[in-house]
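Here are my notes on this entry, point by point. Please read them with the structure open.

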There are 2 protein chains.
Amino acid sequence: MKTQLYSFWRSSAAFRVRIALNLKGVDHQIIPVHLLKNGGEQTSAHYANKNPNRLVPLLIEGDHAIHQSLAIIEYLEETYPNPPLLPKTAIDRAWVRALAMDIAIDVHPIGNLRVLRYLMKNLGVSAENKDAWSQHWIMLGLESLENQLGNDTRVGRFAYGDQPGLIDICLVPQIFNALSAKMDTAAYPTLMRIFDECMTLPAFINASWEKQIDAEGLNPSIPPKE
Amino acid sequence: MKTQLYSFWRSSAAFRVRIALNLKGVDHQIIPVHLLKNGGEQTSAHYANKNPNRLVPLLIEGDHAIHQSLAIIEYLEETYPNPPLLPKTAIDRAWVRALAMDIAIDVHPIGNLRVLRYLMKNLGVSAENKDAWSQHWIMLGLESLENQLGNDTRVGRFAYGDQPGLIDICLVPQIFNALSAKMDTAAYPTLMRIFDECMTLPAFINASWEKQIDAEGLNPSIPPKE
């Protein structure tokens, strides 16, 4: 059976795994899970039976079901070692994982769909304040990342050297969110340069919003067609 | 120079690394960073210079500074392989990482101090609703974890087999938070059994709230002294 990825076009976590699968050249099938329709398909008993944490992504390989984007990517790194997404030395691997987690742990979960829903439905937060909330955490995260990448000699064409890796994989979906929210990215020149580099590669382009079979909108980095 | 850990007694992320250092037997010095005093010492220029994401923990080993608790623990696993905190096979490692991340990514960041502060200060959320918020995400996370661990043959004395590992390391600090918030844990019998097992081990006991040099309160699992 072909590798399957349960995915939603706009999910940053699913986007990360799509990029990793593409970079590793793993032939796979995308199975869309609509996070908004039908009360959220990820909360259905059918899906929860496969993934009890009721979130995307979920990778199926043979008998194995793996959730959590970073756990999936570490698994892909171990089972499809080439091209590598992590550096060779323990200290550089730690640095790359930490920066990836600055996004995946300290930014993304706080602006996740279910969190924004709780803000609006349970706490009566306005749409405007909900957007300010998302942007506040994105801004803090991107600021910290810009500080860390702006002056580090390990940065090359991509976040770590001249090959795309785990930081780029986490950065690009987060920049999609920032662009989609029309945030000003002028304060993040290093991040935007890396983003632009990534978006020249088919692995990133083909994983992006617009290219998904369940896409309902355009990539924010691509001007809408006339 | 001895390994140093910048830590705050109640920080779940720092707690995880304290447990890992103890399990691995890494001789280390704790340097307290008070997250509440002086407007939050983690936001000071002095600390941000060491750790631009302005959070604890931060591990210093020789010339290396590593942040993000899970990145630190992966680094410790690579540099101090015994006893191992991750399983031997890629698929079991993926499972353990995913469950650890169910806590470290999908629960903990949403109830973090800076997030609760934003809720109260920027969104005017009441103390009561702020507590309900924290408990909502903890409950969702523990429920999912109980479902995943309750019927898995990989579970032994601890979450994976009979030796403590990464899931236990993430679970115990989260249970501390739940107990401290006086949440009812009856719905999580597997988690509480594992928690109790962990709390018989010096590595966990010595990493816990009460045992920290900067502690200001008791472990919630220990009845207050008369």
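Predicted model: local features only at pLDDT ≥ 70, side-chain atom pairs only at ≥ 80, totals over all residues.

1. Within chain A, 14 residues of domain 1 meet 16 residues of domain 2. On the domain 1 side, helix 1 (12-24) and helix 3 (69-79) of chain A are the elements that give two or more residues. Helix 1 of chain A has the largest share, with eight residues. By class, that side of domain 1 of chain A holds eight nonpolar, three polar and three charged residues.

2. Domain bounds. Domain 1 of chain A covers 3-79, and domain 2 covers 90-211. Their C-alpha centres are 19 Å apart.

3. Helix 3 of chain A. Is this helix enclosed or open? Nine of its eleven residues are buried, so helix 3 of chain A is largely enclosed by the rest of the structure. The buried set runs through Ser69(A), Leu70(A), Ala71(A), Ile72(A), Ile73(A), Glu74(A), Tyr75(A), Leu76(A) and Glu77(A). Two glutamates, Glu74(A) and Glu77(A), are among them. The packing partners within chain A are helix 1, strand 3 (58-61), strand 4 (64-67), helix 4 (90-104) and helix 7. Helix 4 of chain B also packs against these buried residues.

4. The same surface serves both copies, and 100% of the contact residues of chain B recur in chain A.

5. Chain contact. Chain B gives 35 residues to the contact, and chain A gives 35 residues. On the chain B side, strand 4 (64-67), helix 3 (69-79), helix 4, helix 5 and helix 6 each supply at least two residues. The largest share, eight residues, comes from helix 4 of chain B. The side of chain B that touches chain A has 20 nonpolar, ten polar and five charged residues.

6. Nonpolar core. Which residues have the most contacts inside the largest nonpolar core? They are Leu171(A) and Leu171(B), in a core of 134 residues. Leaving aside neighbours within four places in sequence, Leu171(A) is in contact with Ile103(A), Ala159(A), Leu191(A), Ile194(A) and Phe195(A). In soluble globular proteins, nonpolar side chains tend to be buried together.

7. Ala159(A). This residue sits in the loop between helix 6 (127-150) and helix 7 (166-180) of chain A. Is Ala159(A) buried or exposed? It has 29 C-beta neighbours inside 10 Å, so Ala159(A) counts as buried. Beyond four places in sequence, its contacts are Leu99(A), Leu149(A), Gly165(A), Ile167(A), Asp168(A), Leu171(A) and Ile194(A). Ala159(A) and Arg193(A) are 34 residues apart in sequence, yet their C-alpha atoms are 9.7 Å apart in space.

How values were computed
Residues numbered from 1 in each chain as written. Chains lettered and ligands numbered in written order. Domains from an automatic or database assignment. Contact = placed C-beta atoms within 7 Å. Helix = DSSP H or I, 4+ residues; strand = E, 2+ residues; numbered from the N terminus. Nonpolar A, V, L, I, M, F, W, Y, C, P; charged D, E, K, R; others polar. Core = buried A, V, L, I, M, F, W, Y, C linked by C-beta atoms within 7 Å. Buried ≥ 20, exposed ≤ 12 C-beta atoms within 10 Å, placed from the backbone.
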